[in-house]
Amino acid sequence: MIHELLANDPLLAATRAAEHLRCVTKLGTHDIALVLGSGWGDAVGSIGCTEHAVAMVDVPDFRKPNVPGHGGEIRSISAGSHRILAFLGRTHLNDKLGVNATAHAVRTAHQMGCTTVILTNGAGSLNPFWLPGFVAVIMDHDNQTGVSPLGPAEFICMNDAYSPRLWQTCFDLRRDLGRAVYVQVPGPEYETPAQIRRIRAQYAQSFGSMYEDPRKSGLLVGMSTGIETITARALDMEVLGLSLVTNLAAGMSPLPLNHKEVLDTGHAHAPELGRLLADILERM
Ligand code: HPA
């Protein structure tokens with residue numbers, strides 16, 4: 001059962017979680033939150049020095065993530081001039097704990113002083129040039145879950161939801177990163193090939209004109225990140241989204257999709273992902 005407070009007063013729930021974390025870390029404030037999604041967990045060791053680690057189950061209104069490979073820890077990491085609050089794993093909408101459980105980490109990070117959040121995920125690629133191991137910067141998202149973390153009449157602007165300043169930081173660093181529109185689907189089942197064809201068709205007109213080079217830009221599909229970005233933007237946090245391609249989307253590969261493939265891709269690429277995160281953080 002999810003705590004009633006999280007359902008009824010998510011901001012108070014986040015304040016309590018932050019108080020607990022502040023007690024544990026004995027540090028007043030953090031500046032950057034980092035959510036490590038599928039495939040990214042092994043990269044955390046490379047980004048700085050872990051000062052404190054706490055199990056998510058011990059922090060108010062957090063749960064141990066259901067997804068294998070999501071470590072279930074919150075770490076306070078010092079990296080150069082930054083103090084990073086890293087979440088090893090996340091709560092997905094399809095954990096069925098309610099949208100506020102999915103938004104809780106971002107709201108807690110905001111209460112901890114974070115003004116920026118880096119959201120990472122493993123994603124399926126609709127771009128045949130983007131094979132497992134490829135990394136793309138999220139330029140925009142399409143929330144196809146039918147759910148929002150915001151309350152009634154919270155009419156926030158979602159233009160430039162993913163910070164152009166932060167994409168530019170990434171592209172200055174690594175010219176080979178892709179430019180993605182990330183489509184958040186509800187899951188937990190992977191898509192059918194028909195769903196993927198529909199998503200491709202929905203973008204057939206607009207996508208080419210938005211981003212010109214077909215090798216550099218594309219669609220990704222995954223089960224996270226969009227809801228967290230909406231949460232962060234409502235709190236005026238700057239968002240950077242990074243996706244690791246873990247598979248070609250349904251119907252594009254003869255292999256069945258499975259979560260093991262997602263984790264194996266992460267393990268195989270952990271050193272590069274760690275280096276990329278460390279380099280980005282250094283320039284932030
Ligand atoms: N679809 C949805 N979510 C995913 C996928 C996918 O193909 N790969 C990793 N997460």
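The legends below describe several close-up views of one predicted model.

Residues are numbered from 1 along each chain as its sequence is written, and side-chain values use heavy atoms, with hydrogens and water left out. Because the model is predicted, local features need pLDDT of at least 70 and side-chain atom pairs count only at pLDDT 80 or more, while totals for chains, interfaces and linings use all residues.

**View 1**
The ligand is surrounded by Gly122, Ala123, Gly124, Tyr190, Glu191, Val221, Gly222, Met223, Thr246, Asn247, Leu257 and Val262, where a residue is taken as near if one of its heavy atoms lies within 4 Å of the molecule. From the side chain of Asn247, a polar atom lies 2.7 Å from a nitrogen atom of the ligand. The protein covers 95% of the 260 Å² of accessible area that the ligand has on its own, with areas taken from the Shrake-Rupley method with a 1.4 Å probe, in which only the protein chains shown count as cover for residues.

Helices (H or I, at least four residues) and strands (E, at least two) are DSSP runs, numbered from the N terminus. At the start of helix 8, a side-chain oxygen of Asn258 comes to within 3.0 Å of the backbone nitrogen of Lys260. Among the buried residues of helix 8 are Val262, His269, Leu273, Leu277 and Leu281, where buried means under 20% relative accessible area, exposed over 50%, and partly exposed in between (1.4 Å probe, protein chains only). An α-helix has 3.6 residues a turn, so residues three or four places apart point the same way. The cover over the buried residues of helix 8 includes strand 1 (32-36), strand 5 (116-125), helix 4 (164-173) and strand 9 (238-248), and contact here means heavy atoms within 4.5 Å. Ala278, also in helix 8, is partly exposed, with a relative accessible area of 21%, and touches Ser46 and Ile47 when residues up to four places away in sequence are not counted.

**View 1. Glu51 and its partners.**
Glu51 is found in strand 2 and is partly exposed, with a relative accessible area of 39%. Its side chain is joined to that of Ser78 by a polar contact of 2.9 Å, a polar contact being a pair of N or O atoms within 3.5 Å; within protein, one must be able to donate a hydrogen and the other to accept it, and residues adjacent in sequence count only if both atoms are side-chain atoms. Leaving aside neighbours within four places in sequence, Glu51 is in contact with Ser76, Ile77, Ser78 and Arg83. The C-alpha atoms of Glu51 and Ser76 are separated by 5.6 Å, although these residues are 25 residues apart along the chain.

**View 2. Gly72 in its loop.**
Gly72 lies in the loop between strand 2 (49-55) and strand 3 (73-79), and at 8% relative accessibility it counts as buried. Beyond its neighbours within four places in sequence, Gly72 is in contact with Val54, Ala55, Met56, Pro65 and Leu88.

**View 3. Two threonines in helices.**
Thr102 has its place in helix 3 (residues 99-111) and, at 6% relative accessibility, counts as buried. The side chain of Thr102 reaches the backbone nitrogen of Leu93 at 3.5 Å, and its contacts, leaving aside neighbours within four places in sequence, are Thr91, His92, Leu93, Ile227 and Glu228.

**View 4. Cysteines without a disulfide.**
The structure holds zero disulfides, a disulfide being a pair of cysteine sulfur atoms within 2.5 Å. The sulfur of Cys114 is 17 Å from the closest cysteine sulfur, that of Cys23, and is therefore too far for a bond. Cys114 counts as buried at 1% relative accessibility, whereas Cys157 is exposed, with a relative accessible area of 51%.
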